[in-house]
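Here's a quick tour of one protein model, written for someone who likes to check things in the viewer. Have a look at the sequence and the fold, then read on.

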Amino acid sequence: NSPFLVVFNGYLYCAYSYTGSNPGIYCCSSKDDGITWSTNPVTNTSTNTPSLFVFNQTLYCAYAQNTVFNLVTSMLNSDYINWGDASNSIGNKVICAPPVVQPATPTNSPLYMVYVAQDNSNDLYFVQSNDGIHWTGNKKLGARSQVTASLIENNGILYVAYIMMDGTLNI
């Protein structure tokens, strides 16, 4: 599964899923530009692709739990080593964790996420959060995708890129 990189608090972080012995989602960090790494488990309840995002000076990991595929977020604790419980359910079943986007301006704007439902419909949904923990919306976008969508903000407009069910790109 694909790794996910983010820079936070002077460290380079990389979250990834591992399916070998001791499966789970892990997050490694490096303070020396990737020369040495420390690795810490985020969860052993998932081997689905994770994503990382920073909001209000806190690092979060979003991922879909195994078997139930609930999309959840977990916060990096203040020790910058251990991860909190994944009790922040976004409330829908997903294929894998999508990237989370915070618009560039203004600084107090919410986080946005678009994800693909894991219910054979492949519907795209939109949610937002003002704190990185509580998510609202679950608005169906009226589109379907084969894989996780990408989301970006530019000049106050949110753009969603996704692969439609027939394999073509749509933005």
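## Ground rules and overall picture

A contact here means heavy atoms within 4.5 Å. The model is predicted, so local features need pLDDT of at least 70 and side-chain atom pairs count only at pLDDT 80 or more, while totals for chains, interfaces and linings use all residues. Residues are numbered from 1 along each chain as its sequence is written, and side-chain values use heavy atoms, with hydrogens and water left out.

What does the chain build with? The protein chain has 0 helices and 15 strands. These are DSSP runs numbered from the N terminus (helices are H or I, at least four residues; strands are E, at least two). Of its 171 residues, 44% count as buried; buried means under 20% relative accessible area, exposed over 50%, and partly exposed in between (1.4 Å probe, protein chains only). The accessible surface of the protein chain comes to about 8800 Å², with 50% of that belonging to carbon and sulfur atoms. Those areas come from the Shrake-Rupley method with a 1.4 Å probe, and for residues only the protein chains shown count as cover.

## Strand pairing

Two strands pair if DSSP finds at least two bridges between them. Leu-5 has Cys-14 in β2 as its bridge partner. The hairpin of β1 and β2 has 2 residues between the strands, and Asn-9 in this hairpin takes a positive phi near 55°.

Further along, there's an open sheet of 3 strands in the order β13-β14-β15, with antiparallel pairing. Its edges are β13 (150-154) and β15 (169-170); each has a single partner strand, so one side of each is left without a neighbour in the sheet. β13 pairs with β14 (residues 157-163) in the antiparallel sense over 5 bridges, and Ile-152 stands opposite Tyr-159 in β14.

## Cores and cysteines

The largest nonpolar core has 14 residues, and Tyr-13, Val-42, Leu-52, Leu-59, Cys-61 and Trp-83 touch the most other members. Such a core is a set of buried Ala, Val, Leu, Ile, Met, Phe, Trp, Tyr and Cys residues joined through side-chain atoms within 4.5 Å. The elements giving two or more residues to this core are β1, β2, β3 and β6 (58-64). Of these, β6 gives the most, with 3 residues. Another core, of 11 residues, lies apart from it and includes Phe-53, Tyr-60, Met-113 and Tyr-115.

How many disulfides are there? A search of the whole structure finds 0 disulfides, a disulfide being a pair of cysteine sulfur atoms within 2.5 Å. Cys-14 is in no disulfide, and its nearest cysteine sulfur, that of Cys-28, is 4.5 Å away. Cys-14 is buried at 12% relative accessible area. For Cys-61, the closest cysteine sulfur is in Cys-27, 6.6 Å away and too far for a bond. Cys-61 is buried too, with a relative accessible area of 0%. Leaving out residues up to four places away in sequence, Cys-61 touches Ile-25, Val-42, Pro-50, Ser-51, Leu-52, Val-72, Thr-73, Ser-74 and Trp-83.

## Loops worth a click

Two loop residues have positive phi without being glycine. Asn-22 sits in the loop between β2 and β3 (24-30), with phi near 55°, and counts as exposed at 60% relative accessibility. Asp-33 is in the loop between β3 and β4 (38-43); its phi is about 60°, and at 76% relative accessible area Asp-33 is exposed.

Is Ser-121 buried or exposed? Ser-121 lies in the loop between β10 (111-116) and β11 (123-129), yet counts as buried at 17% relative accessibility. Its side chain makes a polar contact of 3.1 Å with that of Asp-123. (A polar contact is a pair of N or O atoms within 3.5 Å; within protein, one must be able to donate a hydrogen and the other to accept it, and residues adjacent in sequence count only if both atoms are side-chain atoms.)

Asn-77, in the loop between β7 (70-75) and β8 (88-93), is partly exposed at 32%. Beyond four places away in sequence, Asn-77 touches Asn-82, Trp-83 and Gly-84.
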